[in-house]
Amino acid sequence: MNETELILCLNSLVNTPYETECIEFKQNFHSAEEIGERISGLSNSACIHGEPRGYLVFGVEDKTHKITGTSFRAKSHKKDKEDLENWLINRLSPKIDFNVYEFDYEQGKHISMYIIPAAKDQPVEFNRQGYIRINSSNRKINDFPDKQAKIWRKKATPFEKEIAKNHLSASDVINLLSTETYFDLMKLPYPTNQRSVIDKLIEENLVLKSDDYAITKMGALLFAKNLKEFDSLARKSVRVIVYKGKNKIETQREQVGTKGYALGFAGLVDWINGQLPANEEIGKVLRTESRMYPEVAIRELVANALIHQDLNEKGFPMIEIYSDRIEISNPGKPLISLERFIDSYQSRNEVFADLMRRLGFCEEKGSGLDKVVFQNELYQLPPINVTCTDNRTTVAIYSYKTLNNLDKNEKIRACYQHACLKYVSNEKMTNQSLRERFKIDNQNSAIASRIIRDALEYKVIKEDNPENRSRKYASYIPFWA
């Protein structure tokens, strides 16, 4: 929200006849714990009352609704040397994407405001305790089991159908969204009238119609001309950070996307590739002027990060470029085990993913990571590495290293990924195919044999036919096959 919108919002809140169960006014800050408890109570109460959000406002008298201003600075306040906002996020469960605003209502009257989304599927807890608003009081939710059960029973609206901005005219919709991009990517002729444009967006659930129009979160996230126009999505913008070395000590440049994913995707991938060096010594089959990383792999990994992120989790997709690797991450834990990324497919955002496929940004189900591994092998790069920490999923792709410079774990992981790639291609890994993957000369087949033995010992692959006594003609498959 800009300052004008915030002032209008505050005017609307103070004009309510009394403090409601979804609105709380405070004059000044008392404690960080109190704010956490109020966020929990307002979020849970908003869910029960069918409101999309609750409000905690500092700088207003709770009885008279007189706007007095506050000395509390919500954005810069610290709790135990940690930003208060981050401190609160880490103690809320599930983490909710509340927004914090500061503005001057008029000279000398500073306002701090928390806008809090309604709970979904389960009560929001602070420090493992849920709260709820009863009239103007904050109470423990366990003391009101009927209200608690109502939150559990309430079916959450899917993220893609949630409202990002409402009370819009058709002209507003077209001004906020790049409708031309949708029709271009779908290879459809652009309609000759505004009504036909809007009708097609409604058909795709990018726009909803009641008395007026509303843009859904899916519509905004994909086609917004400027995501900053949508408060609930501004922090879903993709961030790219380029570091000078192999760590985060020195940042060279940083780019934060402002466009919707579909509108900005091509430019994003081009910008990333523009930051990547050419490889001076990439191996035997590729020219020395080739890029260090395959562009197809970068495109697939960025698309996967956008599609498979947990859209209800706080956080944003991020691409971090180091001198020796690229890490592409997204908020949320994966729905499948990390070892099954190459062959399995499960998306938490199926409607979103389906539209992204039809727009041409990603492959059909399950055919994205195998393309990445194929390109990785073609460029003779170390194996990709998939990790999940701090509720983020990260895929790392590394710059070229000779086989001798790979450690044992990297060789085993490369062997496993090669076996997976062969299996999903309806083939089997052999000593010869692994030699081809690493460009090992035929007379050095013992090197490939050692890698296979280690992979067997770590039980990431298994023999296709254990009865076969010939090592020369043995073939291997992933452990899950």
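Glu327 and Arg325 form a salt bridge, with their closest N and O atoms 2.9 Å apart. The model is predicted. Glu327 has a relative accessibility of 19% and therefore counts as buried, the cut-off being under 20%. Arg325, at 13% relative accessibility, also counts as buried. Elsewhere, salt bridges that share partners link Glu24, Lys26, Glu34, Arg38 and Arg133 into one network. Glu24 is buried. Lys26 is buried as well. In total, the structure holds 27 salt bridges.

A further salt bridge joins the side chains of Lys200 and Glu203, at 3.1 Å from N to O. Both residues belong to helix α7, which spans residues 194–203. They are three residues apart, so about one helical turn separates them. In general, an α-helix has 3.6 residues a turn, so residues three or four places apart point the same way. Side chains of opposite charge can pair when their charged atoms come close. The accessibility of the two partners was also computed. Lys200 is partly exposed, with 21% relative accessibility. Glu203 is exposed, with 56%.

Helix packing was examined for α14 and α15. Two packed helices are described by the angle between their axes and the distance between the axes. Helix α14 covers residues 431–438 and helix α15 covers residues 445–457. Their axes come within 9 Å. The crossing angle is roughly 105°. The range from 65 to 115 degrees counts as roughly perpendicular, and α14 and α15 therefore stand roughly perpendicular to each other. On the α14 side, the contact is made by Asn431, Leu434, Arg435 and Phe438. On the α15 side, Ser445, Ala448, Ser449, Ile451 and Ile452 take part. By class, the residues of this contact comprise five nonpolar, three polar and one charged.

Helix α14 is mostly covered, with six of its eight residues buried. These buried residues are Asn431, Ser433, Leu434, Arg435, Arg437 and Phe438. Their packing partners include α15, together with helices α12 (369–378) and α13 (408–424). Strand β20 (429–430) also packs against the buried residues of α14. After α14 comes Lys439, which has a positive phi near 60°.

Arg453 lies in helix α15. Its relative accessible area is 46%, so Arg453 is partly exposed. Arg453 and Ile412 are 41 residues apart along the chain. Their C-alpha atoms are separated by 9.3 Å.

Lys217 is placed in helix α8, which spans residues 217–223. Its relative accessibility is 12%, and Lys217 therefore counts as buried. With neighbours within four places in sequence left aside, the contacts of Lys217 fall in two stretches of numbering. One group comprises Phe159, Glu160, Glu162, Ile163 and Ala164. Ser232 and Leu233 are also in contact with Lys217.

Strand pairing was then considered. Four strands form an open sheet in the order β5-β8-β9-β10, with antiparallel pairing. Strands β5 (92–93) and β10 (137–140) stand at the edges. Each has a single partner strand, so one side of each is left without a neighbour in the sheet. Strand β9, residues 129–134, pairs with β10 over four bridges in the antiparallel sense. Ile132 has Arg139 of β10 as its bridge partner. Helix α2, residues 32–48, lies across β5, β8 (125–126), β9 and β10. The helix runs at about 65° to β9.

A hairpin is formed by β18 and β19. Strand β18 comprises residues 385–389 and strand β19 comprises residues 392–398. The two pair in the antiparallel sense over five bridges. Two residues lie between the strands. Asp390, in the turn, has a positive phi of about 50°.

Key
Residues numbered from 1 in each chain as written. Predicted model: local features only at pLDDT ≥ 70, side-chain atom pairs only at ≥ 80, totals over all residues. Heavy atoms only, no water. Salt bridge = Lys/Arg side-chain N within 4 Å of Asp/Glu carboxyl O. Buried < 20%, exposed > 50% of the residue type's maximum accessible area, 1.4 Å probe, protein only. Axes fitted to C-alpha atoms, helices over the stretch in contact; angles between N-to-C directions. Parallel < 35°, antiparallel > 145°, perpendicular 65-115°, else oblique. Contact = heavy atoms within 4.5 Å. Nonpolar A, V, L, I, M, F, W, Y, C, P; charged D, E, K, R; others polar. Pairing = 2+ DSSP bridges.
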